[in-house]
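Dear colleague,

Please find below the structure that I am handing over to you. My findings follow it.

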Amino acid sequence: MSEPDVSDLLTVAQAIAILDAADVSPRVVEVPLQHADGLVLAQDVRADRDYPPFDRSLMDGYAVRTADTANVPVELEVVGEIPAGASAASSFASGQTIAIMTGAPLPEGADGVVPVEDVERLSPSSRYAGERAGERGARLAESSDVRSSNTPRPSPQPSPRSTGEREQARIRVLRASAPGRFIARRGSDVRAGELILSKGTRLGPAQLAALATVGASSIRAFARPQVAVLSTGNEIVPFNQNPTGPQIRNSNSLMLVALLKRLGCDVTDLGTVRDEPNAVRDAIQNALAFDLLFVTGGMSMGAYDFVPRTLAELGADLRITKLRIKPGKPFVFASIGTHYAFGLPGNPVSAFVCTVRLASRLIARLSGEAPREKWIHASLSEALPANGPREFYQPVFCRDGVAQPLKWKGSADVFTLAAANGLLARAENEPALPAGAPVRVWEV
Ligand code: AMP
Ligand code: MG
């Protein structure tokens, strides 16, 4: 394959170094926790108390002095009950037990929990055993009542609300318990003051659960980057219009809006401008209200490629123009004051590759995060020819660690891209690869 000389173009590695050196100062905002999904923490968060906050039962069962269960089977008298949410002020004597529910605090003196599966409930009733959630509310009020074994005989049908006498219940423990069994000790997950999430962490469902647990009802987070997307090209019509003659539908804008939202940006679609210097200039100038602009099309050296020229006229510092990457060679990265602009080739596969592989790094940093590389390792399903002089990102489909290359039909072929779940990275001038060769794939 013969390609024009690319030796004077920057490599992908050089481009990454330039992107990572660009100054960013993401804004910090105070956000109620219910609006924090997907944001990046701008503060460290510490535990407000021990977790669990008290010694807690891990099972529905019976709190015991484990010494009492040394010789099983053994009968114990059930002298009370602790549902979750009840306090465990009371204690119990040797030979006794207290029914306890998952998540409830352990009563004093207990050093083990025997799960319900390991006991047999004995007559006269199962007053403390097997009662269901619906009854718990009524019992909550009496939760710290732990009755002594001399409780008078109750009426045959005790009301759950009765606070007086209660029928005496007994269980037979069938399996010995051991100290600490089915108990989560106070502070065994985290200690009060311990760091639970650090600045720079992207918040998702699990992180929100951790923050909710420690009562971080509002947090300081980095504001989402404000990003604008602009398409250029006389031939481009909105995707919901019928193109005529040489016109083509705009696929880049929708693709980039979706991609940039997934990368954590607040995105505004500025539509399409014609390949006219004044129109391009006005559109770019307006877009400087945003932190970051993505322009597609008009990036090359053709007579109608006005974008790099216009950026330069507006005083931009063109830090990258053209790269040794395939697809995506006419890639532009520029700064204008505190704003940044990416100029992407008009072909959708090029725009996609440049965004996920390169622009995503700056977006991560604008979001308050460290850039993340999304490599997975796979083995090649079939042999590939030697690569050319540009770092090549070829659409592949990966399954079970095997990367199946999809036939490369060029940078306009969104259909192959749409069938891919990864981009196979080939180094500049990499020799031919045999089937089974280990390869790196960027997950998309
Ligand atoms: P350009 O970078 O302007 O030379 O465009 C390269 C190719 O990408 C041309 O075939 C364009 O028609 C096409 N193209 C440019 N912009 C878009 C767009 N927004 N959506 C789909 N294709 C585009
Ligand atoms: Mg064009």
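The notes below concern ligand 1 and one lysine.

This is a predicted model, in which local features need pLDDT of at least 70, side-chain atom pairs count only at pLDDT 80 or more, and totals for chains, interfaces and linings use all residues. Residues are numbered from 1 along each chain as its sequence is written, chains are lettered from A and ligands numbered from 1 in the order in which they are written, and side-chain values use heavy atoms, with hydrogens and water left out.

Ligand 1 is surrounded by 15 residues (a heavy atom within 4 Å), the closest being Glu235, Asn250, Ser251, Gly298 and Gly346. By class, three of the shell residues are nonpolar, 10 polar and two charged; Asp, Glu, Lys and Arg count as charged, Ala, Val, Leu, Ile, Met, Phe, Trp, Tyr, Cys and Pro as nonpolar, and the others, Gly among them, as polar.

A polar side-chain atom of Ser231 lies 3.3 Å from a nitrogen atom of ligand 1. Oxygen atoms of ligand 1 lie 2.8 Å from a backbone N or O atom of Gly298 and 3.1 Å from a polar backbone atom of Asn347. On its own, ligand 1 has 490 Å² of accessible area (Shrake-Rupley method, 1.4 Å probe), of which the protein covers 77%.

Lys326 counts as buried because its relative accessible area is 12%, buried meaning under 20% with a 1.4 Å probe and protein chains only. Arg426 is 100 residues from Lys326 in sequence and 9.6 Å from it in space, C-alpha to C-alpha.

Yours sincerely

Definitions and conventions:
A polar contact is a pair of N or O atoms within 3.5 Å; within protein, one must be able to donate a hydrogen and the other to accept it, and residues adjacent in sequence count only if both atoms are side-chain atoms. Buried means under 20% relative accessible area, exposed over 50%, partly exposed in between (1.4 Å probe, protein chains only).
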